[in-house]
Amino acid sequence: MNAIELSGVNKSFGRVEALRDLTLDVRAGELTALLGPNGAGKTTAISLMLGLARPTSGTVRVLGGDPLAGRVRSHVGSMPQESAIPQALTVRETVGLFARLYPRPLSVDAALDLADLRDVAGRRAGALSGGQARRLAFALAVVGDPQLLFLDEPTTGMDAASRAAFWHAAEGLREEGRTILLTTHYLEEAERTADRVVVMNAGAVLADGTPEGLRARVATGRVRFTSDLVLAELRALPGVEAAEVSGGGHADLRTREPEALVRALVGSGVAFTGLEVTRASLEDAFLSLTARPQGVRA
Ligand SMILES: Nc1ncnc2c1ncn2[C@@H]1O[C@H](COP(=O)(O)OP(=O)(O)OP(=O)(O)O)[C@@H](O)[C@H]1O
């Protein structure tokens, strides 16, 4: 069953086409990570799913209905990228206030625990650090006991411990059968928890699959060295999927088979120094794909 269905969705802001014929299903009970460079259309897609904006054309269905329907909204929680939280109330009061907006909320303490906010429950919201304020936004998203959670860059501004606590909480919510759609620029984190990764670029889906499936499809081997080879010669090496070369002859190559590439380089007799072979992050690999005119299609 799908929790979200976007079909042929276009959204324009004046001359800017933020979404272009976007078709995307989010399966119920899964944690889906939406990735893409700045301006890819992730936040716009979420605002349509929340009913905050209407598509220019196409259809958006959430929990089987219109995102603005009361019965849909009472089952949806959202953590926006920037939230306007009242500054004068304490953390506990703020969570309590939001709880009253929902028919069957969690207890305030349960929401505070999920967001790891017990220690600062008595502090005014306006006095929180950036990372604590993100955690409060998370508590406000979950306090309504939602079936479907939208989290827009939830871990931005959180320190390492808060991030770990956040992912633990998100995993727990997913295990309870909730559907989570989150955007992130930290794919390596999402990869550990996400059931599915959707990569967007220029308002459409560029790639879509399990983290393992996507990793197998992109060039995550990275080979760097310094030589006299020019870009065309570097691109001609076996298995090179993307190549860059800087002024001093520093080559930066992406490949699925770094060993074969290094063997060919050595076998060619070309002089080189500073060889480095590493594994590029999946995020880097996708961001390099999104910079190219042709991409991997799902
Ligand atoms: N209200 C608006 N008015 C005009 N243009 C907009 C508006 N909202 C979004 N856009 C444009 O639509 C495109 C998609 O923006 P969106 O915020 O959805 O991207 P994003 O993938 O969420 O980016 P980021 O990673 O930076 O959050 C961008 O070109 C943006 O400038």
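**A friendly note on this predicted model**

1. Let us begin with the ligand. The residues of the shell around it divide into four nonpolar, six polar and one charged. Here Ala, Val, Leu, Ile, Met, Phe, Trp, Tyr, Cys and Pro count as nonpolar, Asp, Glu, Lys and Arg as charged, and the others, Gly among them, as polar. Among the residues around the ligand are Phe13, Val16, Asn38, Lys42 and Thr43; a residue is near a molecule or strand if its C-beta atom, placed from the backbone, lies within 6 Å of it.

2. Some background before going on. This is a predicted model, in which local features need pLDDT of at least 70, side-chain atom pairs count only at pLDDT 80 or more, and totals for chains, interfaces and linings use all residues. Residues are numbered from 1 along each chain as its sequence is written.

3. Which element gives the largest share of the shell around the ligand? Helix H1 does, with three residues. Strand E2 (16-27) and H1 (42-49) each supply at least two residues of that shell. Helices (H or I, at least four residues) and strands (E, at least two) are DSSP runs, numbered from the N terminus.

4. Now follow E2 to its neighbour. Strand E1 (2-13) pairs with E2 in the antiparallel sense over eight bridges, where pairing needs at least two bridges found by DSSP.

5. The cut-offs are 20 or more other C-beta atoms within 10 Å of its own for buried, 12 or fewer for exposed, and partly exposed in between, with C-beta atoms placed from the backbone.

6. Finally, look at helix H10 (258-267), where Pro258, Leu261 and Leu265 are buried. Seen down the axis of H10, these buried residues fall within an arc of 60°, so they line one face of the helix; the arc is that of the directions from the helix axis to the C-beta atoms. The face turned away from that buried side carries the exposed residues Glu259, Arg263, Val266 and Gly267. Just after H10, Gly269 takes a positive phi of about 80°.
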